[in-house]
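Please open the model in your viewer and keep the selection panel at hand.

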Amino acid sequence: MPGIVVVGTQWGDEGKGKVIDLLSDDMHMVVRFHGGNNAGHTIVYDGETLKLHLIPSGILYPHIVPVIGNGVIVNPAVLLEEMESLAGMGVDTERLRISYNAHVILPYHEVLDGLLEESRGSASLGTTRRGIGPTYADKAARVGLRMQDMLDPEGFGDKVRRAVEERNRLLTLIYGAEPLDAAEIASRYTDHARRLKHLLADTPLLIKEALREGKNVLFEGAQGLMLDLDHGTYPYVTSSNTVAGAVCAGAGIGPRDIEEIIGVTKAYVTRVGSGPFPTEQDNEIGEAMQEVGREFGTTTGRKRRCGWFDLVILRYAARLNTLTSLALTKLDVLSQFETLKVCVAYRRGGELIRDFPPLYEVFRECEPVYEELPGWRTDISGATRLEELPVEARDYIQFIRERSGVPIKLVSVGPERQQSIFLDGGGEPLRQGRFLFYDDLPL
Ligand code: GDP
Ligand code: IMO
Ligand code: MG
């Protein structure tokens, strides 16, 4: 029953898409378990750059069953658009399975997301405005619509119309906004339901059957730990749990179904949207990272804020996710620097802080404590084996491995598949496959 989880360890955009794509050869099923089309996962497929927001990247491979789990929130228009563009590339999208229990994003969720952001003024969160917060709020308040409501498309249309009429009162009376066209939206959503209902399934059962047959099931995380609703930098977070533990509720499996938990960590840190970021380099260093790393939001096109690597955050991610291994990405982007800084602890006033501080007021005042490592200043983007890296690059990898306590199994030196270095930790292979093996200490 090999359940394998891939999660982001920072503020998202760590390169999860590429890592998941690399693992796909060995997988039978790839499952999204939380979030919505706020995610943007980039894959270089057949020389083409592909950005997926909702559909698991496994869709590209005929041997994989892609699954949208119950914990995901689905914008049906975005889903259908994504399916159409994949079909245009010759990809069979009929293998997709969607949970009956996944909640539906409606136009008023997107409008409300925008209105809430505007009402916060300078304290806005910098959301993707995809309706994520309002949709999860409705789910928790038990007033949301679910994918299973689509089984009866006309009935679904009626429910949508009533919900829009109800929300129009909020939009007009509280926010002074224009009302939405309930009849038009209802008719659009009826059509979406007609086109999607045959893909709905009992996804927890499908997943369990695959696991029972000993097949590899990959759970594709979106965002990253620091955007987790409970454990991230609240309120500057997304509205779902991004920790590996969320797989259980969001896909409908048990903790004992999970065997391997891979944390994707970028060789520096980026953040899109607002909120504290201790190692941020709001200067020419950050600009150079942004430029060389092409750090633009995949979903919104915003420039990503950039800064030095933060071990306090990685150790926090290792602990909360019980990471069994790491994939270190975008090492090539650091080739430009003479000296590299790594944050090993924080300082606040006279106090040295080694563990991620749970109090927001403390975290936002933390200053990074850095150790400096020499850079390598040569192009490493063609390396495919560890020995081909300059000693300074190997030292940087080793530093992160030792200070985090987590084995590194993959180092990525470019967006393409072949720009990858697989590291054998020296342990016994857990299964066939290039990437999946234990060496030392599961935490
Ligand atoms: P995700 O949200 O975690 O899947 O990450 P994104 O796809 O939003 O952002 C990662 C970006 O970095 C994408 O444009 C990838 O093609 C690119 N990328 C991934 N790995 C590497 C790498 O090792 N080096 C470089 N230069 N780019 C990479
Ligand atoms: P992937 O899966 C980076 C950020 C937004 C904002 C905050 C809340 O590509 O790593 P939301 O729209 O979710 O309510 O916005 O979360 N955010 C992401 N940042 N990568 C993502 O996904 C993100 N998804 C949401 O920028 O700061
Ligand atoms: Mg992304």
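Predicted model: local features only at pLDDT ≥ 70, side-chain atom pairs only at ≥ 80, totals over all residues.

To see both parts, colour residues 3-71 and 204-438 as domain 1, and residues 103-198 as domain 2. The centres of the two domains, taken over C-alpha atoms, are 31 Å apart.

Next, select the residues that link them: 17 residues of domain 1 are in contact with 13 residues of domain 2. Between the domains there are 6 residue pairs in polar contact, both residues being at pLDDT 80 or more, and 0 salt bridges. The side of domain 1 that touches domain 2 comprises 2 nonpolar, 14 polar and 1 charged residues.

Now select ligand 2. Which domains supply its shell? Domain 1 and domain 2 each contribute at least three residues. Of the 21 residues around the ligand, K16, H41, T128, Q223 and T238 come nearest. By class, the shell consists of 8 nonpolar, 10 polar and 3 charged residues.

- K16: a side-chain N or O atom lies 2.7 Å from an oxygen atom of ligand 2.
- N38: the corresponding distance from a side-chain N or O atom to a ligand 2 oxygen is 2.9 Å.
- H41: a polar side-chain atom is 2.8 Å from an oxygen atom of ligand 2.

Finally, show the surface: the protein covers 97% of the 550 Å² of accessible area that ligand 2 has on its own.

Technical notes. Residues numbered from 1 in each chain as written. Chains lettered and ligands numbered in written order. Heavy atoms only, no water. Near = heavy atom within 4 Å. Polar contact = N/O pair within 3.5 Å; in protein donor to acceptor, adjacent residues only side chain to side chain. Areas by Shrake-Rupley, 256 points an atom, 1.4 Å probe, with all protein chains shown as cover. Nonpolar A, V, L, I, M, F, W, Y, C, P; charged D, E, K, R; others polar. Domains from an automatic or database assignment. Contact = heavy atoms within 4.5 Å. Salt bridge = Lys/Arg side-chain N within 4 Å of Asp/Glu carboxyl O.
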